[in-house]
Amino acid sequence: MSSTKRYCQTCRLELDKRGFTRHTLSVIHRKGKLIRAMLERDCITHAEIARRIGLTRERVRQLALKMGFADGRSRHAICRMERRRKEMAEFFCASAKNAALKSNCSGRGMLT
């Protein structure tokens, strides 16, 4: 029995020759690009992806690992860090803007 592998260019998965025909009929193959696009966004949970696609949360987790994405906890940690970074940047921009306005207002008052 030969154990040759085939590569699905749509899903970017390596499958054995026997299961390749079956794979091309599956939901994973038909919606592979959509699944990959949603997995690339770290703030979407596996449960949300599963609900949108029509799979189970566990199957989405298995596909994510097979496609080379990080596990769920790592994805959530990355999402939290990105969200905090954006909040901090907005906070410092707002505080710098407020400081600039105060210094300009006090500077004008001293000139007149």
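His46 is buried, with a relative accessible area of 10%. The model is predicted.

Reader: Why does His46 count as buried?
Author: Buried means under 20% relative accessible area. His46 falls under that cut-off because its relative accessible area is 10%.

Reader: Which residues does His46 touch, not counting those up to four places away in sequence?
Author: His46 has its place in helix H4. Residues up to four places away in sequence are set aside here. The residues His46 touches are then Leu39, Arg57, Val60, Arg61, Ala64, Gly72 and Arg75.

Reader: At what angle do helix H4 and helix H5 pack?
Author: Helix H4 covers residues 46–53 and helix H5 residues 57–67. Their axes are 8 Å apart, and the angle is about 110°. Angles of 65 to 115 degrees count as roughly perpendicular, so H4 is roughly perpendicular to H5.

Reader: Which residues make the contact of H4 with H5, and how do they divide into nonpolar, polar and charged?
Author: H4 contributes His46, Ala47, Ile49 and Ala50. From H5 come Arg57, Val60, Arg61 and Ala64. The residues of this contact divide into five nonpolar, one polar and two charged.

Reader: How many bridges pair strand S1 with S2, and in which sense?
Author: Strand S1 spans residues 5–8, and strand S2 spans residues 13–16. The two strands form a hairpin with four residues between them, and Arg12 in the turn has a positive phi of about 60°. Arg6 stands opposite Leu15 in S2. The pairing is antiparallel, over four bridges.

Reader: Which side chains of strand S2 are buried?
Author: The side chains alternate along S2.

Reader: What kind of aromatic pair do Phe91 and Phe92 form?
Author: The count of aromatic pairs comes to one. The rings of Phe91 and Phe92 lie 5.3 Å apart centre to centre, with 70° between the planes. Planes over 60 degrees apart count as edge-to-face, so the pair of Phe91 and Phe92 is edge-to-face.

Reader: In what order do the elements of the chain run, and what percentage of its residues count as buried?
Author: The chain has six helices and two strands. From the N terminus on, the elements run β-β-α-α-α-α-α-α. Of the 112 residues, the part that counts as buried is 25%.

Terms used: Residues numbered from 1 in each chain as written. Predicted model: local features only at pLDDT ≥ 70, side-chain atom pairs only at ≥ 80, totals over all residues. Heavy atoms only, no water. Axes fitted to C-alpha atoms, helices over the stretch in contact; angles between N-to-C directions. Parallel < 35°, antiparallel > 145°, perpendicular 65-115°, else oblique. Contact = heavy atoms within 4.5 Å. Nonpolar A, V, L, I, M, F, W, Y, C, P; charged D, E, K, R; others polar. Phe/Tyr/Trp six-rings, centres within 6.5 Å; stacked < 30°, edge-to-face > 60°. Buried < 20%, exposed > 50% of the residue type's maximum accessible area, 1.4 Å probe, protein only. Pairing = 2+ DSSP bridges.
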